[in-house]
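Have a look at the model first, and then we can go through the points.

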Amino acid sequence: MEAATTTTVSVAEHNHIMWRMRLHSAIRTVVAYAIIGCSTLYGPPWFKKLAAFPAFSYVTATLVTSDSTLGDTLSGCWHAIIATIQTMPLSMLSLWIATAPNGSNRLFPVVSALALALSSLLVAVVECTDIRCKKIAFGQLVLVFADGVIRGVHTSAVVHPLRVAYSTALGMVASLLALSLPYPRLAYFEVRKLHQLYAENSKERVEIYSRAITSQDNLIAVERLSKAKFLAQTAAKLLQSTKVLKGGLMWETPWIRFFKSCSEIPGENGIQNMELSIRGMEISLTSCPSFSTGLVKEELKDTLIHMSEQIRRKSDQVTHQETNGSDFANKSIFLHDDTMSPTQTSLPAFFFLFCAKMLLDNSSTSYNEDTQRLCHKSWMKIRPSKETLMFALKCSVSLGLAMWLGLLFDKQNGFWAGLTVASTLAQGKLATFTLANAQAQGIAFGSVYGVLGCSVFQKATNLRFLALLPWIIFSSFLKHSRIYGHAGGISALLGAVMILGRKYSGPANEFAIIRLTETFIGLSCFIVVQFLLNQRAASLARNQLFCTLDILKDCMNQIAQKDQRELRGLIEKQRKLKSHILNLQKLCLNAELEPDFWFLPFNATCYKKLQGSLSKIADLFYYVVYNINNMSHDFQSHAVDCKELHDSIYDELEYLKETTISLISTFLDKPSLMKLFPDDDDQEVKILHDLEEGKLSKKNDEKTERGLCFFLERSKEVIDGILSSQDKQELKGKTIISLYALEFCITSMLKVIKDIKMTMKELSQWESS
């Protein structure tokens, strides 16, 4: 009951923090919109003439204040400045070329669309700029060239685009003022609160896992694991929320060091390493066949109690950037020969102790440091990749087509079609129909609210801006919903703002209908271009699956290394494998949401199984590499010759390598999944017959148990030989835990590979049906 109460409090605190963050973001957005509205509606005439595009000021403020933290706003302003620096010379040059031959001050729709397509291609092909910077640049280009058609270039080609720059600057200044008054909202404090909640969450999970592994009642253990599963989901949400605020935190770092209260920045490395270790504990417990026999004896229960106390203190240290050592090793090394028997059922307990030791050591900081180096290297890329070129082509074609069709439908409001595409475009593989649907519903939702607001304030048009206040707050929560998402929430917000927050000619309902039609034109162009230039999400997911299997094959091909320096380089490959698994997860989600049309329906069940298996094998791969490196470091520090032990480990890894590669090669060598298992009918009948008689499982279990016992006995003999002296008993205890944990990882990886084979077979049968 106490654990359940603590869990509820933890979830409630997380929900309270997220609710407060979104409300705070909405209030800051209200202030920014109020500054823009008052400036453009009631400002002096010269100011209105400079900031001639209040609609884009609202768009800029929306993009800049996405998270409403000081760091994120500074980042957004920087992106807006970079976008303006990019677009102003391009638009000035394009206007000069378009108006110079015939001396006309007005552009034709076709010329404007072509100029927009070429300029957006040059902007999108720059690889080092953020997508937010590109969206602002696309919007600026749309307004410059559309205004050249609507009102013409009455001034010089140099001065004309500056009005768009002034409108962008108004949105930036309004965002900065809104985030600074009455005091700035720092991402640092939000991240620190989330890290504190994560520390409480991790301590509770470790406590539950420690009680579960010492439990001798299956029902109690399963009940505790179900609570821990719920806590793990909460931890994932906390880490995701922290990841969202991470970009703003990077911009605040140079400034918060001047304040004593903000001298310590929460460390991301320690949090990620802690989660990886706790995930290993979860894997060990979910692999237990039964808790009724007792995985550990009484001698180890004191060790686990001591370990839990150390982990509680370690959780607080990590979230406050303290790196005090731990005395867990001094307690865990007293493992006698009769403490635990090295059998298949006891291996999860050894792996549990290994993960606890890894959590308390917390020494694998290079895992995230290399990621930061890779992020810095991305700025040095000059030659665009194939994906960037394809993205630039899609931007160019969709923006140019939307501009042309929008101006043909309604010359005065044709730019709304281009702005719709500019706000929709995003890098990477998209769920095109889902994104377009959410944005269309959001704009329609917001437009209807705007028309109703104009009706309520029909006799007091100067006060209709007040109707925006509740809608801004509602939209701030709407963009975090599953139905609308970020794109739908932003569209709903802008849909109402463009009607209630600016002046326009004609009734509000006519303007709303015209804008909805222009939105439909823009989204139609976006969908058509995406459909023609992109593969289906299901095909992309299938290709990504085989690419991930190929990377897994490359990892397993190098796991059996005798050179420890080469083993350390496998962490980079594991990181690459994990990244591709995350991409596979995103593509599968997109494929699941995509309409099937006349194609075969996407088998989401099989792909989810494959994602889980691949993610588990990637984690186990990391534990194997970390384990071997850690043992080598311990032997080197104690000047122990461990060549014979390394040979024994190498033999096990070689068997794992051969088994895995032979199976994965079968998948990769076949162009179609239908041909993977052509002659399995007779074999299935034989397997079913053996299962009925109980022969097959018994045979496989005997083979696995025999190989396991051979490795453990051989390793035990080697350890007794090289670590027989009394002064090396501490190293002996640590090595026993590491070896048995290594064998657990190897046997678990073999089981996961078999699961992958069965799921691939199920997928092949689905495709052939």
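This is a predicted model: local features need pLDDT of at least 70, side-chain atom pairs count only at pLDDT 80 or more; totals for chains, interfaces and linings use all residues.

1. Residues are numbered from 1 along each chain as its sequence is written, and side-chain values use heavy atoms, with hydrogens and water left out.

2. On the surface you will find a nonpolar patch made of M390, L393, V397, V528, F531, L532, L533, F597 and W598, with about 870 Å² of accessible area together. (Patch members have over 30% relative accessible area and no salt bridge, and nonpolar side chains are joined within 5 Å; a salt bridge is a side-chain nitrogen of Lys or Arg within 4 Å of a carboxyl oxygen of Asp or Glu; areas use the Shrake-Rupley method with a 1.4 Å probe.)

3. Two elements give two or more residues to that patch: α15 (386-409) and α20 (508-533). Helix α20 provides the largest share, four residues. (Helices are DSSP runs of H or I, at least four residues.)

4. M390, in helix α15, is partly exposed because its relative accessible area is 33%, between the limits of under 20% for buried and over 50% for exposed.

5. By contrast, T548 sits in helix α21 (residues 537-557) and counts as buried, at 0% relative accessibility. Beyond its neighbours within four places in sequence, T548 contacts L577, H580, I581, L584 and L614 (contact means heavy atoms within 4.5 Å).

Technical notes. Patches are made of residues with over 30% relative accessible area and no salt bridge: like charges are joined within 9 Å, nonpolar side chains (Val, Leu, Ile, Met, Phe, Trp, Tyr) within 5 Å. Buried means under 20% relative accessible area, exposed over 50%, partly exposed in between (1.4 Å probe, protein chains only).
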